[in-house]
Amino acid sequence: MADFQLETDRLVMRKWREDDLGIFHAINSDPKVRKTLGPIMTRQQVADLITWQQDYQQQHGHCFWALETKAQNELIGWCGIIRGGEGTPVCDKLEIGWRLAFAQWGKGYVTEAAQKCCEWAAATFPDERVWAITSEHNHRSRAVMERLNMKHFPELDFDHPKVDPKSDLVRHVTYCKEPSK
C-alpha cells in the first residue's frame, strides 16, 4: 500500500519519517513559533510528538501530517486532522491543526494546506464538522480559521487543561466549519 499523501500546488502533507526530527525540533525550538503555543520543546519531546503522530496515523489513518514544500522537498511544519483531546469542547471531534516554521510565515502555506485538509475531511467524514482551537491571542491562526470560513463559537471558548493556568495562553477559542453539502 502506498504511503499517505495529500498535495496542493505547492505543498505535500505526508506521513512522518525518522529524518524529520532535526528540522521539526528546530521549528519547535524557535521562540517566534512557540510564542502562542507554549514553552520551547526539547528534542525528546519533539521525538515523542512525532512518534505519537505516527501511531495516530497508523491507528486512525490521519494525523497532523508532516508538511513540506514541493519546490525544495523541505519540511516546513505540520497540518492535518486528529480527534480533539479530552477536556476540550472539540473532544472526539475532527480537529484541524497546523504549525509552521517562522521563515515560512506569510506565504499562504497554512491556508493552502488547511483548505486541502478540510476537503479531505469532507470527503472522508462527510457528516462531520471540522473544528479548530487556539490561544485567544493567536491572531494569525484565528485569521486562517476565518479564511477557511470557520465560525467562532464564543460560548465554547475555554481554559485549556494542558496549559499552565497562570499562562497567558490558557484561554482558548473554538471555531467550526460546517460540512460541505
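Reply: Gladly. Contact here means heavy atoms within 4.5 Å. By that rule, and leaving out residues up to four places away in sequence, Gly87 touches Phe158 and Pro161. Please keep in mind that this is a predicted model.

Me: How far apart are Gly87 and Phe158 in sequence and in space?

Reply: They are 71 residues apart in sequence, and their C-alpha atoms are 9.3 Å apart. Gly87 itself belongs to the loop between S4 and S5.

Me: Why is Gly87 called exposed?

Reply: The label exposed needs a relative accessible area over 50%. Gly87 has 57%, so it counts as exposed.

Me: What about Asp92, and what makes its backbone worth a look?

Reply: Asp92 is in the loop between S4 and S5. Its phi is positive, about 65 degrees, although Asp92 is not a glycine. With a relative accessible area of 56%, Asp92 is exposed because the cut-off is 50%.

Me: Which phi does Asn73 have, and where does Asn73 lie?

Reply: Asn73 has a phi near 50 degrees, again a positive value in a residue other than glycine. Asn73 is in the loop between strand S3 (64–69) and S4, and its 57% relative accessibility makes it exposed.

Me: Let's turn to the rings. How many aromatic pairs are there in the whole structure?

Reply: A search finds 11 of them. In one, the ring centres of Phe24 and Trp78 are 5.4 Å apart and the planes meet at 35 degrees.

Me: Why is that pair called tilted?

Reply: Centres within 6.5 Å make a pair, and 5.4 Å meets that. Phe24 sits in helix H1 (residues 21–28) and Trp78 in strand S4 (residues 75–83), so the pair ties together parts that are 54 residues apart in sequence.

Me: Are Phe24 and Trp78 buried or exposed?

Reply: Buried needs under 20% relative accessible area. Phe24 has 0% and Trp78 has 5%, so both count as buried.

Me: Which residues do ring pairs link into a cluster?

Reply: Phe4, Trp65, Trp120 and Phe125.

Me: How do you know that the charged end of Lys93 sits over a ring?

Reply: The NZ atom has to be within 6 Å of the ring centre and within 35 degrees of the ring normal. The charged end of Lys93 is 4.5 Å from the centre of the Trp131 ring and sits over that ring. Likewise, the charged end of Lys32 sits over the ring of Phe102, 4.9 Å from its centre.

Me: How many disulfides does the structure hold?

Reply: It holds 0. For Cys79, the nearest cysteine sulfur is that of Cys117, at 3.8 Å. A disulfide would need the sulfur atoms within 2.5 Å, so Cys79 is in none. Cys176 is in no disulfide either, with the sulfur of Cys118 the nearest, 10.0 Å away. Cys79, at 1% relative accessibility, counts as buried, and so does Cys176, at 3%.

Me: Which residues have the most contacts inside the largest nonpolar core?

Reply: Phe24, Ile96 and Trp98, in a core of 48 residues. H4 gives the most to this core, with 8 residues. Beyond four places in sequence, Trp98 touches residues including Trp78, Cys79, Val144 and Met145. Apart from this core lies another, of 6 residues, among them Trp131, Ile133, Phe158 and Cys176.

Me: Which residues of helix H5 are buried, and what puts them on the same side?

Reply: In H5 (residues 139–147), Ser141, Arg142, Val144 and Met145 are buried. They cover an arc of only 155 degrees around the axis, which puts them on the same side of H5. Their cover includes strand S5 (94–100), helix H4 (109–124) and strand S9 (171–177). Just after H5, Asn149 takes a positive phi of about 60 degrees.

Me: Finally, why is Thr174 called buried?

Reply: Thr174 has 0% relative accessibility, and the limit is under 20%, so it counts as buried. Thr174 is in strand S9; beyond four places in sequence, its contacts include Pro89, Trp131, His152 and Phe158.

Key
Residues are numbered from 1 along each chain as its sequence is written. This is a predicted model: local features need pLDDT of at least 70, side-chain atom pairs count only at pLDDT 80 or more; totals for chains, interfaces and linings use all residues. Side-chain values use heavy atoms; hydrogens and water are left out. Buried means under 20% relative accessible area, exposed over 50%, partly exposed in between (1.4 Å probe, protein chains only). Helices (H or I, at least four residues) and strands (E, at least two) are DSSP runs, numbered from the N terminus. The arc is that of the directions from the helix axis to the C-beta atoms. Rings of Phe, Tyr and Trp (its six-membered ring) pair if their centres lie within 6.5 Å; planes under 30 degrees apart count as stacked, over 60 as edge-to-face and the rest as tilted. A nonpolar core is a set of buried Ala, Val, Leu, Ile, Met, Phe, Trp, Tyr and Cys residues joined through side-chain atoms within 4.5 Å.
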